[in-house]
Amino acid sequence: MELLERFAAGDLEAFEVLFRQHQKELYAWIVRIVRDSGIAEDLTVEAFWRIYRARARFEPAGNFRAWARRIATNVAFDHLRRAPRETELPEDLPGAAGRDPAVSSETRRLIRQAFCELPAKYRLVATLALIEEEPYNIIAEAVGISTALVKIRVFRAVRMLRKKLNSLGLEVAAK
Amino acid sequence: MSNEENHKEIKQLLRQAVSPVKNAELQRDLWPQMLRRLDQQPLSVPWFDWALAAILGAVLFFFPGTIPALLYHL
């Protein structure tokens with residue numbers, strides 16, 4: 001019996017193999033959304049827990065990677081919804097890219113504040129599309145919405161962010 | 001400023017404030033944590049939830065006229 005068939009049938013050893021094959025990738029995906037390595041580890045375990053519970057619904061001929069990523073995205077999204085909006089984003093994570101020293105730390109703080117105040121569904125797609133520069137089709141597949149809806153949410157997130165930044169005293173030109 | 005330019009400006013500002021995570025490496029194997037999670041008992045439903053469900057069921061059974069009202073408010 002193939003690995004995915006064994007997993008779908010509830011074989012714990014098959015699940016362990018899949019866990020070890022995919023844990024790094026799912027963790028890397030989740031940490032890009034929640035931006036906290038400790039929380040991302042817990043959410044990775046939570047995502048695999050949901051994957052294991054949903055094993056009977058998995059079609060062994062299907063794409064385990066895409067299915068697992070979608071569940072992980074839901075777990076991370078649930079976290080964004082539950083976490084208080086005023087939660088400060090960490091300054092930087094290991095592996096974070098460099099930044100322009102010309103932008104003051106106060107400006108960065110205001111931008112992070114405005115970003116944290118976005119509703120979770122906009123923050124999710126804005127993080128993946130604008131910060132992590134993931135292709136829209138990948139985001140659409142992970143979130144479970146159409147590519148067109150991803151574009152609409154990114155557009156609205158940018159509009160909301162611009163308004164919030166202007167209200168915080170940061171001049172960002174309107175269209 | 002066009003929509004696209006505005007979009008780019010916001011994106012640049014955002015990426016300055018919230019840096020992309022390019023190489024986040026998992027620092028440890030999470031399988032032991034996963035096993036502990038699998039060993040946990042499933043969450044039990046508190047007794048008062050069962051009591052509420054029983055009361056609601058009884059009300060609907062003895063006063064079926066409340067069903068449309070309940071559906072209206074759902």
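**Entry 1. Chain A overall**

How many helices and how many strands does chain A have? I looked this up before anything else. Chain A has eight helices and zero strands. I note here that the model is predicted. Reading from the N terminus, I wrote down the order of elements as α-α-α-α-α-α-α-α.

Next I checked burial. Chain A has 175 residues, and 33% of them are buried. Then I turned to contacts with a separation of 6 or more. In chain A, 65% of these join residues 24 or more positions apart.

**Entry 2. Helix 3 with helix 4**

I picked the pair formed by helix 3 (residues 37-53) and helix 4 (residues 64-82) of chain A. Their axes come within 9 Å and cross at roughly 130°. Helix 3 and helix 4 of chain A are therefore oblique to each other. I also looked up the hand of this crossing, and helix 3 and helix 4 of chain A cross right-handed.

Which residues make the contact? From helix 3 of chain A I listed A:Ile39, A:Leu43, A:Glu46, A:Ala47, A:Arg50 and A:Ile51. From helix 4 of chain A come A:Ala68, A:Ile71, A:Ala72, A:Val75, A:Ala76 and A:His79. I sorted the residues of this contact between helix 3 and helix 4 of chain A by class: nine are nonpolar, one is polar and two are charged.

**Entry 3. Helix 7 and its buried face**

Which residues of helix 7 of chain A are buried? Helix 7 spans residues 136-143, and its buried residues are A:Ile139, A:Ala142 and A:Val143. I then looked down the axis of helix 7 of chain A. The buried residues fall within an arc of 90°, so they line one face of the helix.

What does that face pack against? The buried residues of helix 7 of chain A pack against helix 4, helix 6 (120-131) and helix 8 (147-167). Just after helix 7 of chain A I found A:Gly144, with a positive phi of about 85°.

**Entry 4. Helix 7 with helix 8**

I followed one of these neighbours further. Helix 7 and helix 8 of chain A pack at an angle of about 100°, and their axes are 8 Å apart. That makes helix 7 of chain A roughly perpendicular to helix 8 of chain A.

On the helix 7 side of chain A, the contact uses A:Tyr136, A:Asn137, A:Ile139, A:Ala140 and A:Val143. On the helix 8 side of chain A, A:Thr147, A:Val150 and A:Lys151 take part. By class, I noted five nonpolar, two polar and one charged for the contact of helix 7 with helix 8 of chain A. A:Ile139 and A:Val143 are in this contact, and both are also among the buried residues of helix 7 of chain A.

**Entry 5. Helix 5 with helix 8**

Helix 8 of chain A has a further partner in my notes. Helix 5 (residues 105-116) of chain A packs with helix 8 of chain A at an angle of about 130°, with the axes 9 Å apart. That makes helix 5 of chain A oblique to helix 8 of chain A. Helix 5 of chain A passes helix 8 of chain A in a right-handed crossing.

The contact joins A:Leu110, A:Ile111, A:Ala114 and A:Phe115 of helix 5 of chain A to A:Leu161, A:Lys164 and A:Leu165 of helix 8 of chain A. I counted classes for the contact of helix 5 with helix 8 of chain A and got six nonpolar, no polar and one charged.

**Entry 6. Loop residues of chain A**

I went on to positive phi values. Most residues other than glycine have a negative phi. A:Arg35 is not a glycine, yet its phi is positive, at about 60°. A:Arg35 sits in the loop between helix 2 (12-34) and helix 3 of chain A.

Is A:Arg35 buried or exposed? A:Arg35 has 20 other C-beta atoms within 10 Å, so it is buried.

A:Glu133 also has a positive phi, near 55°, and is a residue other than glycine. I found A:Glu133 in the loop between helix 6 and helix 7 of chain A. A:Glu133 is exposed, because it has 10 other C-beta atoms within 10 Å.

A:Pro135 lies in the loop between helix 6 and helix 7 of chain A. A:Pro135 has 12 other C-beta atoms within 10 Å, so it is exposed.

**Entry 7. A look at chain B**

I looked up one residue of chain B. B:Asp49 lies in helix 3 (residues 47-62) of chain B. B:Asp49 has 10 C-beta neighbours inside 10 Å, so it counts as exposed. B:Asp49 and B:Asn23 are 26 residues apart along the chain, and their C-alpha atoms are separated by 45 Å.

Terms used: Residues are numbered from 1 along each chain as its sequence is written. Chains are lettered from A and ligands numbered from 1 in the order in which they are written. This is a predicted model: local features need pLDDT of at least 70, side-chain atom pairs count only at pLDDT 80 or more; totals for chains, interfaces and linings use all residues. Helices (H or I, at least four residues) and strands (E, at least two) are DSSP runs, numbered from the N terminus. Two residues are in contact if their C-beta atoms, placed from the backbone, lie within 7 Å. Axes are lines fitted to C-alpha atoms, for helices over the stretch in contact, and angles run from 0 to 180 degrees between N-to-C directions. Angles under 35 degrees count as roughly parallel, over 145 as roughly antiparallel, 65 to 115 as roughly perpendicular and the rest as oblique. A crossing is left-handed if the near helix is turned anticlockwise from the far one by less than a right angle, and right-handed if clockwise. Ala, Val, Leu, Ile, Met, Phe, Trp, Tyr, Cys and Pro count as nonpolar, Asp, Glu, Lys and Arg as charged, and the others, Gly among them, as polar. The arc is that of the directions from the helix axis to the C-beta atoms.
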